[in-house]
Amino acid sequence: MDIRIQDLTMRFDNITAVNHLSTTIKDGELVSLLGPSGCGKSTTLMLLSGLYKPTSGRIYFGNQNVTELDAEKRQVGMVFQNYALYPHLSVLKNIMFPLKMKKMNKIEAREQATEMAELLHIGHLLNRKPGQLSGGQQQRVAIARALVKKPNVLLLDEPLSNLDARLRLEMREEIRRIQQEVGITAVFVTHDQEEALSISDRVMIMNNGVLQQDSEPQQMYKKPANEFVASFLGNPPINFITVERHRQNEHYKIKHTAQPIHLSRLKHFDRTTLKMGIRPESLFVTTQNNSLFRGDIIHIETIGRDTLIRVDLGESTVRALVDPKKKLQIGDVCFLGAEEEEIHYFSSETGERLK
Ligand code: ATP
């Protein structure tokens, strides 16, 4: 079932937690809500669940306007960070619980709960109590319980936060598998960019209640809509370099330095200053002839397979992930290059992407 969100706003006293949010989530899609703490992700999810009613705006599930509909009537499945299982009930009884509430007969409820447990690979744990399960297993029970009543949409609020790194990876693959097998429309809240980019059909990045970008994961990484999105995604973070136009001619230089920047795309921008964004992995060590920047290496570290260097360009410093085979030393003068299509340009006034 698709979800349409139209001009949704939620205010708490003087805080606007969600600010004029509009989007459509297609049937069967998994969409992540991503952003820093306090950006309005959970509030958006609570609005979708019906636990909160918006200050203004509308929500449709399919053709039904559910904006004023109470949570129980919306047929949503919810999964939380803390699992929220009933500790005194067995796994089977936990999964059967929503069916019992629906007054389904016991035999049928048991059958459906067992089937769902098989799908979640917890069929062998039905008699255990939640306290006898690992975190990953508990989260599987919570997902089975959310799905057993065949909801219209599945809402997940940071479901992997309490798991260790290895289990997180395993469970995020599992959530994607199950979501696709069931074919359910899902909204997944996370502040972890890797999680969001890896499992979603689409990612929505929010900041201060405002939707910043709504696109496919790769597109978001390759074409960030503004400076916020560019800086939020990527680790080590993207480099920003402010450049300014020479007074007399078309050439740009790094702000407050004499270092010229020769890039053909810069000619298209009729501005006195702008910000260039270049990801560390887009920079490479090169020769003076085809370099973009010249600077002194001030820091070198090895991270995994790569070498991360920090280069002082004068007014700004940049980080570059470079070939570990290059013999580099702190204090060396270094020339850095980048492919033009991997350079992003942003307005220095608004932070919006330029072209
Ligand atoms: P986190 O990742 O920390 O959970 P979030 O992105 O989910 O953050 P929300 O919980 O949606 O953010 O909060 C958005 C803003 O609304 C925050 O400034 C928060 O303090 C505020 N807020 C959320 N719920 C309430 C509430 N019940 N009453 C008052 N303010 C609230």
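I began with strand 11 (residues 239-245) and strand 14 (residues 273-278), which pair in the antiparallel sense over 6 bridges. Strands are DSSP runs of E, at least two residues, and helices are runs of H or I, at least four, numbered from the N terminus. Two strands pair if DSSP finds at least two bridges between them. I looked up Asn 239: its bridge partner in strand 14 is Ile 278.

This is a predicted model: local features need pLDDT of at least 70, side-chain atom pairs count only at pLDDT 80 or more, and totals for chains, interfaces and linings use all residues. Residues are numbered from 1 along each chain as its sequence is written.

Then I turned to the ligand. I found Lys 41, Ser 42, Thr 43 and His 191 among the residues surrounding the ligand (near means a C-beta atom, placed from the backbone, within 6 Å). Strand 2 (15-25) and helix 1 (41-49) are the elements that give two or more residues to this shell. Helix 1 gives the largest share, 3 residues.

Last, I checked a helix pair. The axes of helix 3 (residues 91-101) and helix 5 (residues 135-147) come within 7 Å and cross at roughly 30°. Axes are lines fitted to C-alpha atoms, for helices over the stretch in contact, and angles run from 0 to 180 degrees between N-to-C directions.
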